[in-house]
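Here's a quick walk through some side chains worth a look.

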Amino acid sequence: MFETLPGFREFYPEQFSTRSGLFESWKRSLEICGFSEYEGSVLEPLDLYIEKSGNEIVEQLFHFVDKGERKVALRPEMTPTLARMVGNKANALRKPVKWFNIGDHFRYERMQKGRTRCFTQLNVDILGEAGVKADVESIYTLILVCQRLGLDAQKFYIRLSDRDLWLIALDALGVEESKQSQVLGVIDKIERNSEEQTREALEKIVGGDVSSMLSTIQSLFEVKSVDAIEAWFDKLKTPEVELQERIRGRIAEWKELVSSLESLGCAGFYEIDLSIVRGLAYYTGFVFEAFERGRRSRALAGGGRYDHLVKKLGGPEFPAVGWAMGDVTMTDCLEHHGILPKASLPSKVFVVMDDSTRDTAMSDVGLLRKAGVCALFSYKRSGFGKQFKEANQTNCDWVLVYGGDEVAEDKVSVKELESGQETKVARSELLAFLGAQGLGD
């Protein structure tokens, strides 16, 4: 027997129902916020990912040379494809662009809990709007998606940070602009590394004794409110007027962000946590990650503002903010809390017949299905008792009995399995009767 490739998954019907329920919830949550669904190519030029992330990304990709001698890769993420698509039609698109996608992605990397080599990801992006309201909407939609899956503020929260603030802080600390991205990369790993590892990494980048710098960086981790952010920068006593203006401007944007989130009912769902930096260099402003309370697993979702990526990949200047959520970690979280969703399935009827009524019953099966009613029947020639048993085994809600007496009267016996209530309905009125029970289109 052949086996599934390492890191790839398959879903039997029961598992697929959970998966479909998750996707249905994702989709509905985004649609009620005014987002439109899109799809992009699952195979892209390898250079698209190198341009965004550098050559080191290649080792994580499923890539090959195709029959046209092109270097290509299965998509590991959606953002480069989205940036390319929007960049190609930037002038024709109504702004803001509010799009979402639910699609498969591929990464050839070491498997571990919450990480596979093929995974499905929800991507939610707002492009063409530079104002804070787009950041608010992005964070709010992440909270709403989780809420509608049954996760309340006792089960998850968002850690909210700001790369702009970090760049201002590094400027104030005298870190050269060319080295700031590297320093942010070190800060992003502080939670996972020892203090000595962090110190050594900083010394390699900026040189000299970094004790004071590290102490200042760690003090910024303790900031948990907008007032505390303002007070922290006041203590720096930055003399440069331009830097002071940047600080004031950013504090004002923080106040707008927090005020708007509070107005949308998001209190308790987020915490200011400047230890979140997001390692990818293309982030430019507010960044955030969602976690389970108690931090049982990897981040449930993550994202932020990336204002320059569309231009970097060949399009015009096009501000953007967005986030992504994987199905693996989210399903694990929902299972842990006992709230796995199920796909919304239509009510089903089971048509019971014998040899003498088969033609009439099968004729009605065809009519029912054309009208959108899920109608099942037994493939075996068996008695009514066994057919009723099959109706229960297939989780049908109703049974339609086509016995000799019923067909002679041009009627059908309709029985609701849960209540046991049974009534005879004229065949000409069957669709209307079932429609009144909520069955059909």
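Cys 33 is buried, at a relative accessible area of 13% (buried is under 20%, exposed over 50%, partly exposed in between, using a 1.4 Å probe and protein chains only). Keep in mind that this is a predicted model, where local features need pLDDT of at least 70, side-chain atom pairs count only at pLDDT 80 or more, and totals for chains, interfaces and linings use all residues. Numbering runs from 1 along each chain as its sequence is written, and side-chain values use heavy atoms, with hydrogens and water left out.

Now for the charged pairs. A search of the whole structure turns up 33 salt bridges, meaning a side-chain nitrogen of Lys or Arg within 4 Å of a carboxyl oxygen of Asp or Glu. Here are three of them:

| Pair | N to O distance |
|---|---|
| Arg 19 and Asp 327 | 3.1 Å |
| Arg 246 and Glu 242 | 4.0 Å |
| Asp 355 and Arg 381 | 2.5 Å |

Asp 355 sits in the loop between strand S12 (348–353) and helix H13 (358–370), and Arg 381 in the loop between strand S13 (374–377) and helix H14 (384–393), so this pair ties together parts 26 residues apart in sequence. Helices (H or I, at least four residues) and strands (E, at least two) are DSSP runs numbered from the N terminus. Both Asp 355 and Arg 381 are exposed.

Arg 19 and Asp 327, by contrast, are both buried. They also belong to a salt-bridge network with Arg 9 and Asp 104. Arg 246 and Glu 242 are four residues apart in helix H10 (residues 241–263), so about one helical turn separates them. Arg 246 is partly exposed, at 29%.

Last stop: Gln 121, in strand S6 (residues 118–127). Is Gln 121 buried or exposed? Gln 121 is buried, at a relative accessible area of 13%. Its side chain makes a polar contact with that of Asn 123 at 3.2 Å (N or O atoms within 3.5 Å; within protein, one must be able to donate a hydrogen and the other to accept it, and residues adjacent in sequence count only if both atoms are side-chain atoms).
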